[in-house]
Each structure stands twice: as C-alpha cells, then as structure tokens.
Amino acid sequence: MPLTHAPKKLTAYGAWGMGAIGLVALFVWLLSAYSPATLVTQLFHGLITSMVLILISSGLTFVAGILHVINISHGVLYALGAFLGVSIALAASDVCVGSVCVESFWFALIGAPIGVGIVGALLERFTISHIYSRDPIYSLLLTLGLTLILTRIIELIWGTDPLAFSTPAFGKGLVNLGFMYYPTYRLFVLLASAVVVAVTWLFLRMTNFGLIMRAGVYDPQIVSALGINLPRIFTKVFAFGAMLAAIAGVIVSPMRSVAPEMGNLVIIDAFIVLVIGGMGSFRGAVIGALLLGISQSLGALIVPGFAQIMVYVVMVAVLLVRPQGLFGEAQLH
Amino acid sequence: MKNAVQNKSFHWSVASAWLLVGAILLFVPLGAALDWYSHFYINLVIKIFIFGIFLLGFDLLAGYTGLVSFGHAMFFGLGAYTTGLLLLNGESLLGIPAAVSILTAMLLSVLVCVLVGVLVGFLSIRTHGVYFIFITLAFAQFFHLLAFQWVDVTGGENGLPGIPPSTFLGIDQYVNYYYFVLALLAGCYLLIRRIVHSPFGRTLVGIRENEERMKFLGYNVARYKWAAFILSGAFAGLAGALLTQSQRYVSTDLFEWLTSAEVIIMTWLGGVGTLIGPVLGGGIVIFFEDFFSSWMADNWLMIMGFVYVMFVLFSPRGLIGLFEKLKTALRPKR
C-alpha cells in the first residue's frame with residue numbers, strides 16, 4: 001500500500017520533528033534558568049530511565065503488535081529478572097583467570113534473562129497461546145491473573161522485603177566527565193542498555209527472524225500462508241520480550257531496590273510508552289521512552305513533585321493528535 | 001403457544017428466586033442480632049453492596065457498551081474523597097447540618113464524577129480498544145498522583161482519617177446503614193436494568209457488536225459512548241461516597257490501578273454483560289478475600305489469580321456462563 005503509506009510516514013515524521021523542536025526550545029529555556037551541570041545530570045538521569053524503559057517496552061510492543069496480546073504480566077517478568085539476578089550474583093563467585101576477573105554480576109546478567117525467557121515461553125505455551133483467537137481484552141484479563149500468581153510466587157520464594165543488590169566492583173566510584181562527576185555504574189547502565197537496544201534494532205533489521213517479526217506486525221495471516229510456523233515464532237517472540245525485560249531488571253537492581261512490586265510501578269510507564277509510540281513499533285517504543293524519560297527528569301527540575309504529570313500531558317497531547325500513537329498502525333484494536 | 005407457557009413458568013422460577021434472595025438479604029442483620037455471627041460480617045456485606053453499585057455501573061460500560069475502562073478507580077476515589085471532605089468540613093465551612101450531609105455528599109460526589117466523566121470521557125472515547133484501556137488507566141494514575149501530591153486537601157499519603165459518619169436516618173448505626181445501602185443497590189439495579197432495556201441501552205449493545213454499522217445507521221456513536229462513560233462514572237462515584245460513610249477514612253489506595261483491576265476481575269469472574277453476574281463476582285471476591293486472608297495471609301491472591309485464570313481460559317462468560325452451560329447440559333433432550 002504505497003499510497004497510504006507515504007502520507008502516514010510524513011505525519012509521523014512531522015510529529016517527531018515538532019517534538020524535537022519543542023524539546024530543543026525547552027532546553028534552550030532551561031539553559032538560561034539552570035546551571036549546565038544540573039541540567040546535564042538531570043538529562044543523564046532521564047536518559048537512563050529512558051533506556052531501561054526501552055528495554056521493557058520493546059518486549060511489550062512486540063507482543064502487542066505481533067500477538068495482539070496486552071501483557072500486564074510483563075512487569076512481573078522484569079521483577080523476576082531482578083530477583084533471579086540477585087540470587088545468581090549471590091550464589092556464583094567471581095571467576096579469575098590469572099589477573100583478569102569475571103565478576104558474578106556478569107553471570108547474573110546472562111543467567112537471569114535465560115531463566116526468565118524460559119518462564120516466558122512456558123507462560124505463552126500453556127496459557128496465552130490459547131486465547132489468540134479471542135478479543136485482545138481477554139489477554140489483558142488473563143495476564144492480570146498471571147500477574148497475581150507470579151507476584152505471589154516471587155514473594156513466597158524471596159520474601160516481601162526489598163533486597164539489596166550490591167554494585168559490582170567495576171561500577172563503584174565516580175567518573176570525571178570534565179565538567180562534572182557521574183556515578184560509574186549509572187554510566188555503565190546507559191551504555192549497556194544502549195548496546196542492547198542497538199543490537200535488538202540490528203536483529204530486527206538484519207536477521208530473517210527479525211524480518212518475520214516485522215512482517216508479522218503488518219499481516220500475520222500472510223506470514224503464516226508463506227509457510228512460516230507462526231505458533232513457534234510466537235513463543236520465541238514472547239520469550240525474547242521476557243528476556244529483554246529481565247536484562248532491564250538485572251541492570252537496574254544495583255541502582256534501585258529489588259522488591260516484588262517493582263514491576264507494578266514500571267508497567268504503567270511502559271504502557272504509556274506504548275500508547276505514545278504506538279503498539280508494535282520498535283521505533284515508537286524508543287521515541288516514546290525517550291520522550292517519557294526526559295520529560296520526567298526535566299519535569300522534576302521545573303515542577304518538583306509533579307514530574308509524572310508531564311508524562312500524562314505528553315500522552316494526552318499525542319493521543320489527541322494521533323489516537324493510534326506516533327508510529328502505530330491504525331488497524332490494531 | 002407452548003413457548004408462551006414455558007416462558008411464563010420460567011418467569012415464575014426467576015421471581016421466586018428473587019424473592020428468596022431478597023428475603024435472605026433482609027434478614028442478614030437479624031443473624032448478627034441473635035449472635036449467630038459477628039457484626040463484622042454485616043460490614044462485609046455492606047462492602048459487597050457498595051461494590052455491587054460500582055460493578056453495575058462498570059458493567060454498563062464494559063459489558064453493554066464494550067468499552068473496558070482500566071481507570072474506573074478514579075471515579076470511585078473521587079466519590080470517596082469528595083464525600084470525605086464534605087463530611088469533615090461540611091458543617092463548619094458550608095453550614096450543612098450533619099443530619100443530611102450524606103445526601104449532599106452523595107449528590108456532590110455524583111456531580112464531581114459527572115464533570116470529570118465529561119472531560120475524561122471526551123478525551124478517552126476518541127481512542128479504540130486497547131488504547132482506550134490505557135488512556136483510562138493513565139487518567140486514573142493522574143488522579144492517584146494528585147491525591148498523593150495535593151497534601152493540603154487530600155492529606156497525601158495519610159489520606160483522610162477520622163471522618164465523622166453522617167447521622168441521616170441513623171445510618172451511623174451499621175444495621176440502619178445496611179438497609180440504606182441495600183435499598184440503594186436495589187434502586188441502582190432497577191435503574192440500570194431499565195437503562196439497558198431502553199432504546200438507549202439497545203443502541204449501546206449495537207455499538208458493542210458493530211460500531212461501524214451503527215454509524216452507517218446514522219447513530220452518533222461517539223455521543224452514545226460518551227454518555228455511557230459518564231453514567232458509568234456516576235455510579236462509581238456514588239459507590240465511593242457510600243464507602244466513605246462506612247469505612248470512615250479515605251486513602252490513596254482507592255485510586256490505585258489495582259482497584260481498577262479488581263473491578264475487572266470481579267466483572268469477568270461473575271459474567272460480563274449480565275448485571276447480576278458482576279455483582280455476584282464482586283460478592284464472591286470480597287467474601288473470599290476476607291475468608292482466606294485470615295488464615296493464609298496473602299496466598300489467597302495466588303489462589304484467586306489461579307481461579308480467575310481458569311475462568312478466563314475455560315469460561316469467558318464467567319459464573320453466569322458456567323451456570324447457563326450447566327442448565328443446557330441438564331435440560332432433558334427432545
């Protein structure tokens with residue numbers, strides 16, 4: 001559909017461009033009102049929030065776009081990743097070869113996503129795959145129930161009190177950025193999540209699997225008619241999303257406390273990202289998360305205490321102009 | 001002719017069932033007076049009635065119009081806070097006598113919810129399906145945040161403790177309040193049933209079934225959806241007002257998204273779009289919440305979640321759907 005595609009793209013870029021211009025204007029105004037160091041620190045905080053949100057919401061957006069499933073339990077999978085990470089980091093010891101040591105943190109970063117990916121695949125296989133033919137509302141209802149169950153299982157295994165995840169040795173201390181100091185671990189989170197996001201993007205662009213996934217958002221029926229085993233792809237997509245959430249869970253835990261309800265808090269933000277960016281669009285998730293994270297952190301500077309309100313203002317503004325989100329497909333109900 | 005006779009006898013069985021339920025509900029406080037069970041259970045049943053009113057309004061929107069709101073807690077919370085503030089300050093600031101303050105509070109709560117419903121509804125009904133779910137969720141979160149941050153008015157994290165109950169018709173006594181809320185629930189049920197069977201209600205069902213077709217038939221679909229949203233919010237506001245009178249405190253928990261989620265669970269557990277189903281579902285969830293949480297702490301949530309998942313997977317129309325399946329299975333084959 002080349003004819004309908006072109007103007008749609010234009011509007012999307014128009015919205016993007018207007019957003020960018022608005023942000024730049026805001027930033028110029030902020031520069032006149034606050035010191036550069038405060039601003040950049042705040043911006044970095046916002047970027048970190050955004051990067052972590054991208055990891056969480058990209059899993060959600062694949063599942064929403066391809067499987068038409070609204071996965072409320074995604075937040076619990078994120079929490080599960082953090083808890084598994086804590087356990088693995090505590091159980092494993094640092095492995096040293098000569099003078100080069102690999103910290104247990106890295107085992108957690110690899111092990112937890114694999115574990116959560118398996119849990120995700122099982123959830124998809126045994127419950128969610130049974131309701132694909134129904135209205136998407138039912139997936140919301142089902143995953144709501146799964147959330148209750150999984151949260152309680154986490155509480156039974158790890159207890160209800162928040163756990164502390166100690167910062168790995170390489171992330172301790174501050175880095176001198178020339179004009180200010182910034183915690184090393186936060187910088188690591190920024191870089192690591194940027195790498196994961198870039199790899200995910202390359203994965204979607206360069207591999208056959210990514211091609212099938214992207215095609216699945218547009219027309220699952222044709223994809224299946226081309227001889228692709230969709231049920232198996234669906235399981236993989238779900239597990240892949242769960243793994244991204246678990247990576248986010250592990251890398252944020254040294255910065256924030258690990259608590260069973262951490263998923264409940266983040267899932268709302270992730271859904272707002274989806275609503276802003278549009279369901280099924282990876283680019284939408286990236287732009288949405290950046291908008292949300294940065295408006296939140298700059299909002300904290302301008303109206304302390306009401307920063308979150310900025311997020312809703314942005315969301316309502318986007319929905320009024322484009323009810324299907326910035327990059328969303330209008331046909332998804 | 002044979003059909004007509006069958007229909008008539010069917011109505012008789014329904015009428016007698018209603019009479020039985022009505023009689024049992026009328027005599028619930030008597031059991032407490034005779035010390036068969038503690039007064040605590042009267043309060044529990046009052047809570048079930050209050051959620052019943054909330055769920056009736058929610059079913060009008062989710063079940064009959066097909067708009068699943070994930071933010072109905074906002075109306076519940078708004079009603080509760082409005083009533084809380086009025087019962088706390090009504091006499092001193094506005095000179096409203098305590099005897100009728102609950103009536104003023106109920107009226108004002110409904111009014112506030114209608115106003116918010118007009119605004120939020122106007123913005124929300126522009127979206128469809130899943131986007132509608134999230135925009136309503138976001139609006140509810142907005143009010144949650146407001147309740148948290150606007151400390152001067154809402155008390156922030158502490159909520160509004162120590163609200164003096166209204167003394168209208170002696171409803172500060174739980175037995176009188178029981179009958180007061182029961183009467184309101186019955187009234188709301190009859191009202192919503194009337195709405196559902198009216199041309200307006202049939203139009204809502206038409207929108208649920210096929211919005212495009214209703215548009216082609218010349219209906220102003222957006223306006224109908226808007227009206228349903230506002231009406232549904234008004235009932236939730238009334239329920240919130242009633243909850244404040246019996247609980248005597250208001251907290252930000254009311255605005256939490258888990259409250260909205262709970263209402264959805266109750267509705268689908270009972271049977272969406274059946275009016276009586278959601279009320280039944282609410283009763284069951286609230287009763288078991290109390291029953292299980294006393295001897296297995298929070299584990300009841302897991303059991304509840306499991307039962308609920310089973311219902312979503314195997315009986316999408318909830319308890320009412322299960323009951324209907326059972327009835328067809330037991331009916332002698334011709």
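Let me start with contacts in chain B: of those with a separation of 6 or more, 77% are between residues 24 or more positions apart. By contact I mean two residues whose C-beta atoms, placed from the backbone, lie within 7 Å.

Quick housekeeping: this is a predicted model, where local features need pLDDT of at least 70, side-chain atom pairs count only at pLDDT 80 or more, and totals for chains, interfaces and linings use all residues. Residues are numbered from 1 along each chain as its sequence is written, while chains are lettered from A and ligands numbered from 1 in the order in which they are written.

So, what is chain B built from? It has 14 helices and 0 strands. Those are DSSP runs numbered from the N terminus, with helices being H or I of at least four residues and strands E of at least two. The radius of gyration of chain B is 21 Å, close to the 20 Å from the globule rule for 334 residues, so chain B is as compact as a globular protein of that length. That radius is taken over C-alpha atoms, and the rule is 2.2 Å times the number of residues to the power 0.38. The C-alpha atoms of chain B fill a box of roughly 70 × 55 × 40 Å along the principal axes. Of the 334 residues in chain B, 45% are buried. Buried means 20 or more other C-beta atoms within 10 Å of a residue's own; exposed is 12 or fewer, partly exposed is in between, and the C-beta atoms are placed from the backbone.

Now, where the chains meet. Chain A puts in 33 residues and chain B 34. On the chain A side, helix 5 (136–158), helix 10 and helix 12 (307–321) each give two or more residues, and helix 5 of chain A gives the most, with 13. That side divides into 24 nonpolar, 7 polar and 2 charged residues. For the classes, Ala, Val, Leu, Ile, Met, Phe, Trp, Tyr, Cys and Pro are nonpolar, Asp, Glu, Lys and Arg are charged, and the others, Gly among them, are polar.

Zoom in on helix 10 (residues 262–277) of chain A and helix 5 (residues 129–149) of chain B: their axes come within 10 Å and cross at roughly 130°. Axes here are lines fitted to C-alpha atoms, for helices over the stretch in contact, with angles from 0 to 180 degrees between N-to-C directions. These two helices are therefore oblique to each other. On the scale used, under 35 degrees is roughly parallel, over 145 roughly antiparallel, 65 to 115 roughly perpendicular and the rest oblique. Among the residues making this contact are A:Phe271 and A:Ile272 from chain A, and B:Tyr131 and B:Phe134 from chain B. By class, the contact has 9 nonpolar, 1 polar and no charged residues.

Last stop, A:Ala242, in helix 9 of chain A. Is A:Ala242 buried or exposed? Buried, with 29 other C-beta atoms within 10 Å. Not counting residues up to four places away in sequence, A:Ala242 touches A:Gly59, A:Leu77, A:Val116, A:Gly117, A:Val119 and A:Gly120. A:Val119 is 123 residues from A:Ala242 in sequence, yet their C-alpha atoms are 8.3 Å apart.
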